[in-house]
Amino acid sequence: MTTEMRYVAAIAQALRDGMQQDEAVIVMGEDVAHAGGSFKATRGLLDTFGPGRVIDTPISESSITSAAVGAALTGLRPVVEIMFMDFITLSMDALVNQAAKARYMFGGQGSVPMVLRTPHGGGLNAGPQHSQCLEAWLAHVPGLKVVCPATPQDAYALLRTAIDDPDPVVFVEHKALYAAKGPVDTTQTASLGRARIARPGADVTLVSYGATVATCLDAAATLEDGGIQAEVLDLRSIQPWDKAAVLESVSRTHRAVIVHEAVQAFGVGAEIAATLAHEGFDELDAPVVRVAAPFMPAPFASSLEHGYAVTAQRVIDAVQTVVA
């Protein structure tokens with residue numbers, strides 16, 4: 001049955017359903033139990049599943065993630081919440097040097113079936129230490145999977161898939177999406193590494209993920225008024241990413257603009273652009289263009305943050321350069 005719900009409620013429902021389906025699933029993190037999580041994604045889980053499965057931890061991201069890796073190696077399926085993606089820097093040894101490498105180190109005999117949930121992104125005047133988009137760091141690490149849903153439906157379905165996955169998954173949520181509403185069918189499944197066409201078009205492909213998918217959709221609606229049909233491709237999964245879907249779309253539109261909120265330099269867009277240059281060059285009628293944040297920390301002042309942000313107008317301007 002399809003129900004209208006907010007993005008954060010879809011995450012909460014996925015956690016609840018995953019815990020009901022499998023007693024090995026536990027939730028860990030700062031304030032996830034009694035307070036219900038910093039953005040209330042775990043509210044009510046303590047009452048249903050008890051303190052043995054919904055665990056408030058000390059304020060130590062390193063300890064939380066290390067404990068989750070150990071729990072996963074011994075048969076549990078931990079879902080860790082890190083309050084802000086910026087704080088994932090404190091989890092990197094456990095995540096990058098242990099969780100990501102365990103399957104390789106043990107010759108495939110051991111795995112780390114854990115999910116690390118964390119919100120990224122700006123727009124809430126949270127400043128440079130609470131607004132970063134660091135998903136490209138994690139996508140660079142063999143052994144980690146990285147997911148970034150753009151809709152409540154994908155937030156539910158992809159989190160259920162991530163919980164069931166035998167390997168570590170970093171599940172990235174955008175803070176500005178938590179209040180977004182949309183239909184959610186809890187019987188619908190999703191695969192990691194599969195993109196979706198959010199809007200079909202014939203003149204240019206807009207490749208994005210997370211909150212900037214909505215930005216691309218807004219830009220596409222405006223471009224249509226000017227006679228430009230933009231196809232919006234939502235990656236959904238950053239590692240693995242759906243290279244075939246991107247190449248197929250560009251083979252029809254012959255132009256590509258890649259959009260993400262993270263800084264442009266050395267970002268996800270760079271990998272996609274390089275792949276298009278190498279494997280899709282003959283299909284391109286214009287250079288691949290990236291629209292992303294400038295190479296600087298996210299500002300705190302709302303006026304400066306607005307100038308820093310990726311907007312629909314910036315996407316429109318980029319499209320007009322490639323279709324000219």
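Visitor: Which residues line the largest cavity?

Guide: In this predicted model, the lining consists of Ser38, Phe39, Glu81, Ile82, Met83, Arg117, Thr118, Pro119, Glu173 and Tyr178. Strand β5 (residues 115-120) gives the most to this lining, with three residues.

Visitor: What makes a space a cavity rather than a pocket?

Guide: The test is escape: a 1.4 Å probe fits in a cavity but cannot get out, whereas a pocket is an open set of points. The search of the whole structure found two cavities of 30 Å³ or more.

Visitor: What is the volume of the largest pocket, and which residues are closest to its centre?

Guide: The largest pocket has a volume of about 950 Å³. Of its 43 lining residues, Cys133, Leu134, Glu261, Ala262 and Val263 are the closest to the centre. Elements that each supply at least two lining residues include α8 (212-225), β13 (256-263) and α10 (268-279). By class, the pocket lining has 26 nonpolar, 13 polar and four charged residues.

Visitor: Why are β3 and β12 called edge strands?

Guide: The seven strands of this open sheet run in the order β3-β2-β4-β5-β7-β6-β12, with mixed pairing. Strands β3 (54-56) and β12 (237-239) each pair on one side only, so they are the edges.

Visitor: How do you know that β2 and β4 pair?

Guide: Pairing needs at least two bridges. Strands β2 (residues 25-29) and β4 (residues 77-81) have five bridges, in the parallel sense, and therefore count as a pair. Within it, Met28 stands opposite Val80 of β4.

Visitor: What span is expected for helix α1?

Guide: Helix α1 (residues 7-21) has 15 residues, and at 1.5 Å a residue 21 Å is expected. From first C-alpha to last, α1 reaches 21 Å, close to that expectation.

Visitor: What makes a residue of α1 buried?

Guide: The cut-off is under 20% relative accessible area. Residues of α1 that are buried include Tyr7, Ile11, Leu15 and Met19.

Technical notes
Residues numbered from 1 in each chain as written. Predicted model: local features only at pLDDT ≥ 70, side-chain atom pairs only at ≥ 80, totals over all residues. Heavy atoms only, no water. Helix = DSSP H or I, 4+ residues; strand = E, 2+ residues; numbered from the N terminus. 1 Å grid on protein atoms, 1.4 Å probe; cavity = no way out; pocket = protein on both sides within 12 Å on 5 of 7 lines; lining within 4 Å. Points joined across faces, edges and corners; volume = space filled by probe spheres on them. Expected span 1.5 Å × (residues − 1). Buried < 20%, exposed > 50% of the residue type's maximum accessible area, 1.4 Å probe, protein only. Nonpolar A, V, L, I, M, F, W, Y, C, P; charged D, E, K, R; others polar.
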